[in-house]
Each structure stands twice: as C-alpha cells, then as structure tokens.
Amino acid sequence: MAMQKNIINEAFPEVLKILSNLIKFQTVSGTSNIKLIEYCEKRLNVLGADSFKTFDDTKLRVNLFSTISGKKKLNGGGIILSGHTDVVPASTKGWNSDPFIALEKNNKIYGRGSCDMKGFIACTLALAPYFAKQDLKKPIHFSYTYDEETACQGAPVMLKELKNRNINCSICVIGEPTNMRAIQAHKGCYEYSTHFSGLAGHGSAPDRGVNAVEYATRFINKLMEVREELKKRKPKDSVFTPPYTTLQIGRISGGLARNVIADQCVVDWELRPVVFEDGVFVNKTMDEFVKNTLLPEMRKIYPQADIKKEIIGEIIGFNKEEDSDAVNLVCNLTGDNSRDVVSFGTEAGLFQELGISTVVCGPGSIEQAHKIDEYVSYEQLKLCLKMLIDLKDKLSN
Ligand SMILES: [Zn+2]
C-alpha cells in the first residue's frame with residue numbers, strides 16, 4: 001500500500017505535465033493529430049515499446065498502437081488501454097481560460113480534452129516507464145485513436161491492422177470519463193441524413209412537379225411506424241432505459257416558398273439500437289420502402305428524381321457480456337461493483353466485435369465533457385493511476 005502511494009506521488013506531477021502538453025495539441029476531430037501521436041510514440045518507444053501506426057486516406061490523422069512487454073518478450077494476451085486523441089471544437093468565447101492551454105486551479109486541470117479524454121491518456125503515459133521496468137506476465141498495449149468524436153472513424157482502421165498482425169488481446173479498458181466506474185454496455189448510435197430531390201414547379205399545378213417535402217413527409221411517417229415496431233422488439237433482458245431501440249427525427253429542411261413545389265428536402269434522423277439486428281431491421285425496412293414505393297412514384301413523373309441516404313455515422317452498440325472478464329477485472333480493481341450503462345457512444349463495441357472483452361472506465365465525469373471550461377479533478381486522475389498500478393499487479397509475477 002505504502003509503495004503504491006509512493007508510485008502515485010511520483011507519477012502524478014508527470015501526469016499533470018503530460019496532460020498540459022497533450023492539451024496544447026489542438027487535435028479537434030477532422031484535423032491532424034500527427035504531432036500529438038509523435039509525442040506519445042516517442043515517450044513509449046524510448047521504453048522499448050513495439051509500435052505501429054495506421055493512417056486515414058489523407059495521412060493527416062493517425063492511430064498509434066504500442067506494446068510494452070516488460071523485461072521478458074511476451075506474445076499474446078494482454079490488456080489494451082485505449083483512448084481517443086481527438087477533441088470536440090472549442091471557441092475561446094465563454095471559456096474562462098484558453099481552452100488549449102492547461103490551467104491548474106483548485107485541484108483541477110482545465111482545458112479542452114482534459115476530461116474527454118486526454119487525462120486518461122496522460123495517466124497511461126505517465127505510468128509507462130513504471131510498467132516497462134516490471135516483470136509482466138502479459139503485455140500492456142496502448143491504443144490512441146483519431147476521430148472518435150465523429151462516429152469512431154479511427155478505431156476501425158487500427159483494429160483491422162491489429163487483426164492482420166495477429167495480435168491477440170484479451171481485455172480492453174476504454175478510459176472515457178465515467179468517474180472511474182465500470183460501464184458494461186451502451187446503445188449504438190446511428191445517424192443519417194436522407195436527401196430528397198424532386199421537380200420544382202408552380203404551386204397551382206402540384207401534379208406536374210415532384211414535391212420533395214411531401215415525399216419526405218411520407219418517409220417520416222414510415223419511420224414513425226417503424227418506431228412503434230421497435231418497441232415491440234424490446235429484448236427481454238435489456239439493461240437500457242428505455243429498454244428498446246429508439247428512433248428520432250432531429251431536423252427537416254426543404255422547400256422555398258408556399259407557392260413553389262419543393263424540389264429539395266433533407267431529413268436528419270437517428271437510431272439508438274439496443275441490439276445490432278434492430279439497426280439492420282430499420283435500414284432494410286426503410287431502404288425497401290424507398291426503393292419499392294417512393295422512388296417509383298417520384299420517377300413516374302420525373303425520372304431524375306432521387307432519394308439518397310447519407311450515413312453520418314454508425315457507432316455500434318457495446319453489449320453487456322455475460323460474466324465479462326473486463327468488467328470483473330475493473331470492478332475488482334476499483335472496489336466499485338455498480339456495473340452501470342451509459343447513454344453516450346464509445347469505441348467499446350468495435351473492440352468487442354474482435355472478441356476482446358471490453359469495459360469503459362476512466363477519470364472525470366461526462367458532465368464536464370464537450371462543455372465550456374472542461375476540467376478533470378486531481379482526485380479522479382489519482383484514482384485512475386491507482387487502478388492502473390493495481391492492474392499491473394494482476395499482470396506481473
Ligand atoms: Zn470521448
């Protein structure tokens with residue numbers, strides 16, 4: 001215990017230093033995170049980590065996967081500590097300090113990404129030298145991804161390469177802010193925009209045009225019907241509130257004026273599936289309705305009329321595992337057995353899809369994430385360090 005306290009006291013100033021550096025990299029989703037990744041890679045590689053990087057098409061955004069095996073060279077198994085490196089935008093307006101310069105005040109550290117989720121990354125980096133010195137039984141992997149906030153674009157690229165390289169991992173801890181409580185499931189989050197293009201004309205002769213707003217309305221009515229179906233499909237043992245898949249229309253925009261036949265309309269809608277099959281069901285039902293009913297009617301009048309579905313993002317759900325190794329491990333380490341579910345999406349489902357037992361647990365509260373004056377408390381960072389140090393004990397002799 002005393003030793004653990006010493007390690008925390010030693011590592012903590014390092015966490016603050018690293019977190020300040022990480023906040024300085026303005027890694028807003030969609031922009032380059034290369035500098036930040038190089039910083040992390042350098043810190044890990046001097047410790048003898050094996051690393052590989054994967055890129056997006058423009059080579060501006062990059063994922064890092066690094067492995068520390070300790071004194072012995074190890075293969076297989078091991079625990080992934082995973083964090084996304086991107087942050088949501090922040091304008092200086094409204095903030096009490098510069099969002100991209102860390103401010104330490106009242107035992108908190110302020111800055112964009114401090115809580116979601118550079119604080120967790122800083123904790124893992126600060127302890128990496130300590131891990132590297134140990135006699136580990138299983139390797140510790142560091143996974144730092146890009147563009148999680150924009151529908152998890154980075155992680156799938158990294159996970160594909162992980163599979164190619166045959167790197168087997170047994171457990172993944174995703175350090176999203178949960179106040180250090182173990183989260184065992186969340187719904188998926190699928191977002192779509194459906195674009196309708198018809199034919200404009202004079203309002204006095206509606207039959208000669210193709211009214212995009214009216215077809216969009218029929219599309220929405222069908223979505224509302226499907227929504228009722230989803231309630232009936234509620235799984236018996238659902239851990240969510242509400243227990244079924246939800247569907248919602250967030251925005252509709254179209255048309256020019258009262259007396260003009262609308263030739264354009266866009267419907268923004270979202271789906272939060274509790275099971276993967278519901279996502280398939282909704283997409284199949286709507287695609288068929290468009291193909292077999294709406295489009296033929298539109299094209300009878302105007303052959304160029306069209307309906308296009310734009311996929312904004314499809315974050316797959318994170319399913320509750322029966323007797324999850326990852327959840328059991330983290331509950332064991334934190335001493336908190338609450339095993340909650342959350343309403344925000346993470347990369348957890350993607351790791352789980354590869355057969356890796358996954359849990360979401362990290363420092364800070366989601367209440368502070370994406371907000372003005374985002375912060376993480378020293379207390380939360382220290383609890384995270386404690387968990388990671390205890391985790392090492394499970395992995396060493
Ligand atoms: Zn996050």
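A disulfide is a pair of cysteine sulfur atoms within 2.5 Å. By this rule the structure has zero disulfides. This is a predicted model, in which local features need pLDDT of at least 70, side-chain atom pairs count only at pLDDT 80 or more, and totals for chains, interfaces and linings use all residues. Residues are numbered from 1 along each chain as its sequence is written, and side-chain values use heavy atoms, with hydrogens and water left out.

**Cysteines**

- Cys331 is in no disulfide, and its nearest cysteine sulfur, that of Cys361, is 8.3 Å away.
- Cys331 has a relative accessibility of 5% and therefore counts as buried; buried means under 20% relative accessible area, exposed over 50% and partly exposed in between, with a 1.4 Å probe and protein chains only.
- Cys361 is likewise in no disulfide, its nearest cysteine sulfur being that of Cys384 at 7.4 Å.
- Cys361 counts as buried because its relative accessibility is 0%.

- Distant parts of the chain are linked by His84, in strand S3 (residues 79-84), and Glu176, in the loop between strand S7 (171-174) and strand S8 (183-186), the two being 92 residues apart.
- Helices (H or I, at least four residues) and strands (E, at least two) are DSSP runs, numbered from the N terminus.
- His84 is buried, with a relative accessible area of 1%, and Glu176 counts as buried at 3% relative accessibility.

- Thr346 sits in the loop between strand S15 (340-342) and helix H8 (348-353), and is buried with a relative accessible area of 1%.
- The side chains of Thr346 and His186 are joined by a polar contact of 2.8 Å.
- A polar contact is a pair of N or O atoms within 3.5 Å; within protein, one must be able to donate a hydrogen and the other to accept it, and residues adjacent in sequence count only if both atoms are side-chain atoms.
- The Thr346 side chain also reaches the backbone nitrogen of Ala348, at 2.9 Å.
- Not counting residues up to four places away in sequence, Thr346 touches Glu148, Cys152, Glu176, His186, Ile315 and Val360, where contact means heavy atoms within 4.5 Å.
- Thr178 is in the loop between S7 and S8 and counts as buried at 6% relative accessibility.
- The side chain of Thr178 reaches the backbone oxygen of Arg181 at 2.7 Å.
- Beyond its neighbours within four places in sequence, Thr178 is in contact with Ile183, Val360, Cys361, Gly362 and Gly364.

**Leu388**

- Leu388 belongs to helix H9 (residues 378-395) and counts as buried at 0% relative accessibility.
- Apart from neighbours within four places in sequence, Leu388 contacts Leu81, Cys123, Thr124, Leu127 and Phe131.
- Leu388 and Ala132 are 256 residues apart along the chain, and their C-alpha atoms are separated by 13 Å.
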